[in-house]
Amino acid sequence: MTPEQIKERISDQFKNSVITNESLGEHQVEINGEDWLNIATFMKNDPKLSFDQLECITGIDTGEEGPLQTHYNFHSMEHRHKIEVVISHDRKDPKVSSIEQVWRIGDWFERETYDMFGIEYTGHRDLRRILCPDDWEGWPLRKDYEGQESFHGIVVPKIKEEEGWE
Amino acid sequence: MGLLENKFQDNVVVASLDKILGWARSTSPWYFQFGLACCAIEMMSSAASRHDLERIGMMPRSSPRQADVMIVAGTVTMKMALRVKKLYEQMADPKYVISMGSCATSGGPYWQHGYHVLKGVDLVVPVDVYVPGCPPRPEALIEGLLKLQEKIQTERPLTRKLA
């Protein structure tokens, strides 16, 4: 199936779930996050879509004005088609339901995106940081992130671009 | 030898105990076998047959209790810094630290924007020898180790220090 047909298949099943977004590429589809768990389950189990592989989950910070986004890359071994699902989150309260129990690999993918962007995947059974230490402050890959001044008593020297060490 | 000449039987060497201890300690500094990043590959290469660290009496030990030298080979992240400190504290005295490569010395390429990188391992543990390079070639590491040997040889463990 082409990405267009995949989009149609999803929007036939779930009304108003596909959001038109001109800025996305033709292989991408933006989806309303409210009914995401049902849509994901449908995408996996529907014989015509049959997305049996979740290849990657990526977080994206689109800047101060824009939202936080989660990108999911799906691939179907059976039909050999692909799609990238985009879900936008409110910057103040980024939340979306977890698909960890639909594709098991989503467990670590979601933990990593949570670690770096602070997007909360509701329903995830073990949502904690995966790369940073457990007591790390802030979400490092957000654009407004500022590094910690000290970590467990280790002072982080501030470095200015022109003057060097402070 | 002057006064001591022919006073002893054959096969007896006379020297100050301090010097003998320094010589013995400096020619068998066993190092703690752990690597943090790409520098570890060069460290392994130094220990392998081409450069062969055992020529200068160095041998990797897998436990901090048995090691004399800690070679910090690679980028020290904040998460690892706490562990490096703990491992250093577990080593028995006398202990030495070699900071290998730019990352361990100053943060290296992550010195400005690496939010999770420790800007120099000397913020956590005292360092004896810094080896520059990214990563340093085995020859550079061996030079650093020879410098450390010189340092150990000048120490006088038995001489009472002035308080």
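Where in chain A does Arg91(A) lie? In the loop between β5 and β6 (95-97) of chain A.

A word on ground rules. This is a predicted model, where local features need pLDDT of at least 70, side-chain atom pairs count only at pLDDT 80 or more, and totals for chains, interfaces and linings use all residues. Residues are numbered from 1 along each chain as its sequence is written, chains are lettered from A and ligands numbered from 1 in the order in which they are written, and side-chain values use heavy atoms, with hydrogens and water left out.

Back to Arg91(A). Its side chain makes a polar contact of 2.5 Å with the side chain of Asp61(A). By polar contact I mean a pair of N or O atoms within 3.5 Å; within protein, one must be able to donate a hydrogen and the other to accept it, and residues adjacent in sequence count only if both atoms are side-chain atoms. What else does Arg91(A) touch, not counting residues up to four places away in sequence? Besides Asp61(A), the list has Gly63(A), Glu64(A), Gly66(A), Pro67(A), Leu68(A), Arg142(A) and Asp144(A). Contact here means heavy atoms within 4.5 Å.

Now chain A as a whole. There are three helices and 11 strands. Helices (H or I, at least four residues) and strands (E, at least two) are DSSP runs, numbered from the N terminus. Along the sequence, the pattern reads α-β-β-α-β-β-β-β-α-β-β-β-β-β. The C-alpha trace of chain A spans about 60 × 35 × 25 Å along its principal axes.

Look at the sheet in chain A. Five strands form an open sheet in the order β1-β2-β5-β4-β3, and the pairing is mixed. Two strands pair if DSSP finds at least two bridges between them. The edges are β1 (18-19) and β3 (53-61) of chain A, each pairing on one side only. Helix α3 (residues 106-117) of chain A packs on this sheet and touches β3 and β4 of chain A. Its direction makes about 5° with that of β3(A). For that angle, axes are lines fitted to C-alpha atoms, for helices over the stretch in contact, and angles run from 0 to 180 degrees between N-to-C directions.

Zoom in on β4 and β5. Strand β4 (residues 68-75) and strand β5 (residues 82-89) of chain A run antiparallel, with eight bridges between them. Which residue in β5(A) is the bridge partner of Thr70(A)? Ile87(A). In the loop between β4 and β5 of chain A sits Arg80(A). Arg80(A) is not a glycine, yet it has a positive phi of about 55°.

Next, charges. The structure holds 13 salt bridges over all chains. The rule is a side-chain nitrogen of Lys or Arg within 4 Å of a carboxyl oxygen of Asp or Glu. One pairs Lys82(A) with Glu55(A), with the closest N and O atoms 3.4 Å apart. Lys82(A) is in strand β5 of chain A and Glu55(A) in strand β3 of chain A, 27 residues apart.

On to chain B. It has five helices and five strands. Its pattern is α-β-α-β-β-α-β-α-β-α. The C-alpha atoms of chain B fill a box of roughly 70 × 45 × 25 Å along the principal axes. Its open sheet has five strands in the order β2-β1-β3-β4-β5, with parallel pairing. The edge strands are β2 (60-61) and β5 of chain B. Between β4(B) and β5(B) there are three bridges. Ser99(B) has Tyr130(B) as its bridge partner in β5(B).

Chain B also has cis peptide bonds to point out. One runs from Asp93(B) to Pro94(B), with omega near -5°. Pro94(B) is in the loop between α3 (78-90) and β4 (96-100) of chain B. Another joins Cys134(B) and Pro135(B), with omega about -15°. Pro135(B) lies in the loop between β5 (129-131) and α5 (138-154) of chain B.

Last, the interface. Here 17 residues of chain A contact 13 residues of chain B. The two chains bury about 1,300 Å² between them, 78% of it on carbon and sulfur atoms. Buried area is the accessible area (1.4 Å probe) that two parts lose on being put together, summed over both. On the side of chain A that touches chain B, 15 residues are nonpolar, one is polar and one is charged. Ala, Val, Leu, Ile, Met, Phe, Trp, Tyr, Cys and Pro count as nonpolar, Asp, Glu, Lys and Arg as charged, and the others, Gly among them, as polar.
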